[in-house]
Amino acid sequence: MVAILGASSAGLICAYVLAKANVPVELFEAQQQYDPEERTLIATQALNDLIDFDFSESVLNYIHGFRIHTKNQMLTILISKPDIVLERRTFLKLLFRNAHSAGANLHLGYDVREVRSHGNHVEITIEKDRKFQKLVFRYAIIANGVRSTQLFPEIRMCYKTVAISQVRVHMPDCGHKHIVDIWFDVEKTKFFYWFIPEGEKSGVVGVIADTQDETERILEDFVNKHRIKVIERQKGEIVPIPSVRMPHKDKKKKRILFAGDSCAQVKATTVGGLVSGLKGGIACARSILAGRPVDEFLKPLKKELLVHVIARRILHLFEDEDYDHLIRILNPKFMSILRSHTRDELSKIVLKLFVAQPKLLGVVTKAILRRIFL
C-alpha cells in the first residue's frame, strides 16, 4: 500500500499511474473540499506524452509563437509544436477524478504531522478534527509542495523560493491570440514579465520576483504603464527554484519519495513546474512498480533541470544590454533549433545552440566577467 501526501499534479498523477496498475493507493489532502485555485498555465506539448486521458476541457488556447521584448529590441520566435494554455483548476480536478476512477482512495481534510521510515515500511501520523492516527504503508510519496519542509526541514537547504503574481486582463492592443509576449527589464526583475493569451478577448499578465510584495508592486506598475485593463487578480504563488546542491540521501528513508514542488522539480529558467512535476510523480510510480530505486527513473529529469539551473544562474548575470545583444545575434540556424524544440528539451539542444551561434559564448562570458571584476 502506498500513501501519497498532497493532491498536487505530481501527487495525483502518481496516484493515477499506481491505481491503474492495481496498487492500493491512499492519497491525503489537507483541503476539506478539493477546490484548487484558478490559474492560467502554459505547458509544452510534452504534456500530451504524460497524460493518457482527454484533458481538452481544461485547454483554453494554443500558442504558436513568442514575442521577446528587450529594452531596445524585439523578436518573434514561431514554434513548430504549439504550447498549450490550461486552466489549472479544471486540469487538477480532471486528474483528481481520473485518479479516483482508477481506484485511488482520496482522503480530504487530513493534515500529515509526521512521516517516519522504519526499514521496510513507513509510518505516517495524520490529523483530522484534532484526532491523531498512525498508519503504516510500504511507501510514502511526498507531493505537498513547499509545505514538505515542515516535515523535512533539511530539504529547504537545497532550494530557494521565488514569488509569482498574475492577473487576468482584457486583450491588450498589442496582444495576439496565439502569441505569448515576454518582456525583460533587469531594473525591475532578474526574471521577466509575460502576457499569455487565453483566447481573443483575455489573457494573463504576470511576473516573477524574489518576494510576493515585490511581484505585486512591479506587476501593478507594469499594467499601469502599458494601460492594460485588469479583470481579476489570481492568487500569488511561492515556487521553489532548484539548485546545483542536492539533498543528502538517507538510505534509511529509501521508502520515502518526493515529487513536484516538494523537491523543487521546477524549470529554473521559466519557473514552470507542471510538466516536470508530472514527470517526477510518474517516476515515483514507476520506481514502486518496478521495485527499483527512483533515481533510475529520474535521471533524464534531473539532467534537464540541472541545465535549467545553470542557464538561470547565467541569466541572472545579464543586464539589459546583454539581452539586446542576444536578440541581435540570433541567426537563422539558431532560430531553427528553437522552433523545432521545446523548453522541456533544453538539455538536448544547449550545445547545438552554441555551435549554431558561437557569439553566444561571448555574451555569456562577458556577463560572467563583469560579475567577477565589477
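This is a predicted model: local features need pLDDT of at least 70, side-chain atom pairs count only at pLDDT 80 or more; totals for chains, interfaces and linings use all residues.
**Exercise 1. Describe the nonpolar cores.**

Step 1. A nonpolar core is a set of buried Ala, Val, Leu, Ile, Met, Phe, Trp, Tyr and Cys residues joined through side-chain atoms within 4.5 Å.

Step 2. The largest core has 51 residues, of which Leu47, Ile51, Phe55, Phe91, Leu95, Ile141 and Leu278 touch the most other members. Helix H1 (residues 9–20) gives the largest share of this core, nine residues.

Step 3. Another core, of 44 residues, lies apart from it, and Val85, Val180, Val307 and Ile329 are among its members.

**Exercise 2. Give the strand order of the five-strand sheet and find its edges.**

Step 1. Two strands pair if DSSP finds at least two bridges between them. The open sheet of five strands has the order S6-S2-S1-S10-S16, with parallel pairing.

Step 2. The edges are strand S6 (105–108) and strand S16 (256–258); each has a single partner strand, so one side of each is left without a neighbour in the sheet. From one strand to the next, the twist averages 20°. Axes are lines fitted to C-alpha atoms, for helices over the stretch in contact, and angles run from 0 to 180 degrees between N-to-C directions.

Step 3. Strand S1 (residues 2–5) and strand S2 (residues 25–29) run parallel and are joined by four bridges. Ile4 has Leu27 as its bridge partner in S2.

Step 4. Helix H5 (residues 274–290) packs on the sheet and touches S1, strand S10 (139–142) and S16, and its direction makes about 150° with that of S16.

**Exercise 3. Trace the eight-strand sheet and the pairings of strand S11.**

Step 1. This open sheet has the order S3-S5-S4-S12-S13-S14-S11-S15, with mixed pairing. Strand S3 (40–43) and S15 stand at the edges with a single partner strand each, so one side of each lacks a neighbour in the sheet. The twist averages 30° from one strand to the next.

Step 2. In strand S11 (residues 159–170), nine of the 12 residues are buried. S11 pairs with strand S15 (residues 230–242) in the antiparallel sense over 10 bridges, and Val167 stands opposite Arg233 in S15.

Step 3. S11 is also joined to strand S14 (residues 202–209) by eight bridges, again antiparallel; the bridge partner of Val169 in S14 is Gly203.

Step 4. Strand S13 (residues 193–197) runs antiparallel to S14, with five bridges, and Trp194 stands opposite Gly206 in S14.

**Exercise 4. Determine how many disulfides the structure holds.**

Step 1. A disulfide is a pair of cysteine sulfur atoms within 2.5 Å. A search of the whole structure finds zero.

Step 2. The sulfur of Cys263 is 7.1 Å from the closest cysteine sulfur, in Cys284, too far for a bond. Cys263 counts as partly exposed, at 27% relative accessibility.

Step 3. For Cys284 the nearest cysteine sulfur is that of Cys14, 5.5 Å away, and Cys284 is in no disulfide. Cys284 is buried, with a relative accessible area of 0%.

**Exercise 5. Classify two aromatic pairs.**

Step 1. Rings of Phe, Tyr and Trp (its six-membered ring) pair if their centres lie within 6.5 Å; planes under 30 degrees apart count as stacked, over 60 as edge-to-face and the rest as tilted. The count comes to 11 aromatic pairs.

Step 2. Phe28 and Tyr110 are edge-to-face, at 5.7 Å centre to centre with 70° between the planes. Phe28 is in strand S2 and Tyr110 in the loop between S6 and strand S7 (111–117), 82 residues apart.

Step 3. Tyr193 and Phe222 are stacked, at 4.3 Å centre to centre with 15° between the planes. Tyr193 lies in strand S13 and Phe222 in helix H4 (residues 212–225), so the pair ties together parts 29 residues apart in sequence.

Technical notes:
Residues are numbered from 1 along each chain as its sequence is written. Side-chain values use heavy atoms; hydrogens and water are left out. Helices (H or I, at least four residues) and strands (E, at least two) are DSSP runs, numbered from the N terminus. Contact means heavy atoms within 4.5 Å. Buried means under 20% relative accessible area, exposed over 50%, partly exposed in between (1.4 Å probe, protein chains only).
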